[in-house]
Amino acid sequence: MEQEKLHRFHIALMVFNTQSGVIVFTLPRLTAHYFGTNGWLALFPVFLFVTLNIMLISAVHRLGGGRSVFDILQSSLPRLILYPLYLLLWGIFSMIGCLVVKQYVLIYQLLIFPSTSDMLLKFFVDLLVFLYVAKGIYTMSKANVLFSFFLLSLLPLAIYFTQEFDLVRLTSFMFEGGTDMKEGFLRVYGAYMGYELTLFLFPYAEPGKKWLKYIHLGNGITMAIYLLATILGFGFFNVQELSHLAFPLLDMFSYIRFPFVERLQNFLYSVFLFSILHTAAMYYWASQSVLSRIFRRIPWKLLVFCTMVITIFTASIPETLIKVEGWFRLFSIFQLGFSVAFPLLLIILLLFQRRSKKHA
């Protein structure tokens, strides 16, 4: 039987939901703090950077004829170099998946269950992540359609903020009062991470090159939602208020009142569990894809389980949200380097392989 392939639209939603997460609740604050007035404009250069990176991924697919990145690496590099590289990527991917859950759980504990252990909450979320990723990438892509629908169905709530939205709060000044644009770029880039995992989807995608355009579509959906959230934040609060609010979007949701729902912001934050499940699962799936190249005889589900057990113990080290964000910043730097250096490495190897074939 012919192996099932991922539908291109499913890939677009996978990119969107992997990028999305609790960062959207803090993005208005980050852009206001690091960029100052009209900090929402900083989303555009980061979006352009990500778009160029996606073009690198497309170049790898075209030059390699759709071959797996592992086939490309193993055709040119010895195991002495490959195995340390694989272990490095495994560590980065698994820790990002772990920190995504830890960050969500700490905020969830702060908002709803202050007396419950964060590690107990993380255990239950990790259990859901394992059950999700154990279904395989094809089932994950289909379930993610439903997850994405739940998240996108929250968009009409933006209408409730228009009454308090004031263009005067946006001001006519640009990037005044910011603290550190370089640090801000890194923090905002962390909101777009996840698209680079499409490098590992080459063997699972549809034949041809059309599906590559849908990576841009998924990234575009993310950009549109981030832009909406930040503009609403800058128009709802002033820059000084935004810079001191921990979760501006949740504070905005607290102004919405329904007769049948109390503390709507807690309910809306709970819905984002769907995004956390998918984001963490994609990083754990990528980590086992790398680790499976070293331990070929071990079932991949067992590798996922062992990876999650290791990261659970690691997650107990950062105990506060500030420490988790510090760790996340560090791994964002690693992931930024990976998103640029890894496709360039693959392109260089493919060019050398072409040259070797011509001289053969």
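**View 1. The largest cavity of the predicted model, with a volume of about 300 Å³**. The lining of the largest cavity is made up of 19 residues. Those that lie nearest its centre are Leu154, Leu155, Ile225, Leu249 and Phe272. Three helices, α7 (137-152), α9 (210-236) and α11 (248-253), each supply at least two lining residues. The greatest share comes from α9, which gives five residues. By residue class, the lining of the largest cavity holds 17 nonpolar and two polar residues, and no charged ones.

**View 2. The second largest cavity, with about 40 Å³ of space**. Two cavities of 30 Å³ or more are found in a search of the whole structure. Around the second largest cavity lie Ile11, Met14, Val15, Thr18, Gly194, Leu197, Thr198, Leu201 and Met282. With four residues, α1 gives the most to this lining. Six of the lining residues are nonpolar and three are polar, while no charged residue takes part.

**View 3. The largest pocket, with a volume of about 570 Å³**. Two or more lining residues come from each of α1 (8-19), α2 (23-35), α5 (79-111), α8 (181-190), α13 (273-291) and α15 (321-359). Of these elements, α15 gives the most, with seven residues. The lining of the largest pocket comprises 32 residues.

**View 4. The centre of the largest pocket and the make-up of its lining**. Nearest the centre of the largest pocket lie Ile23, Thr26, Leu30, Gln103 and Glu325. The lining of the largest pocket as a whole divides into 16 nonpolar, 12 polar and four charged residues.

**View 5. The largest nonpolar core, a set of 121 residues**. Phe93 and Phe200 are the residues with the most contacts inside this core. The element that gives the most to the core is α5, with 18 residues. In soluble globular proteins, nonpolar side chains tend to be buried together.

**View 6. The surroundings of Phe93 in the largest nonpolar core**. Neighbours of Phe93 within four places in sequence are left aside in this view. The remaining contacts of Phe93 are with Leu197, Phe200, Tyr283, Ala286, Ser287, Val290, Gln335 and Phe338. Phe200, one of these partners, is named together with Phe93 as having the most contacts inside the core.

Terms used
Residues are numbered from 1 along each chain as its sequence is written. This is a predicted model: local features need pLDDT of at least 70, side-chain atom pairs count only at pLDDT 80 or more; totals for chains, interfaces and linings use all residues. Side-chain values use heavy atoms; hydrogens and water are left out. On a 1 Å grid over the protein atoms alone, a cavity is a set of points where a 1.4 Å probe fits but cannot get out, and a pocket is an open set with protein on both sides within 12 Å along at least five of seven lines; lining residues have an atom within 4 Å of a point. Grid points are joined across faces, edges and corners, and a volume is the space filled by probe spheres set on the points. Ala, Val, Leu, Ile, Met, Phe, Trp, Tyr, Cys and Pro count as nonpolar, Asp, Glu, Lys and Arg as charged, and the others, Gly among them, as polar. A nonpolar core is a set of buried Ala, Val, Leu, Ile, Met, Phe, Trp, Tyr and Cys residues joined through side-chain atoms within 4.5 Å. Buried means under 20% relative accessible area, exposed over 50%, partly exposed in between (1.4 Å probe, protein chains only). Contact means heavy atoms within 4.5 Å.
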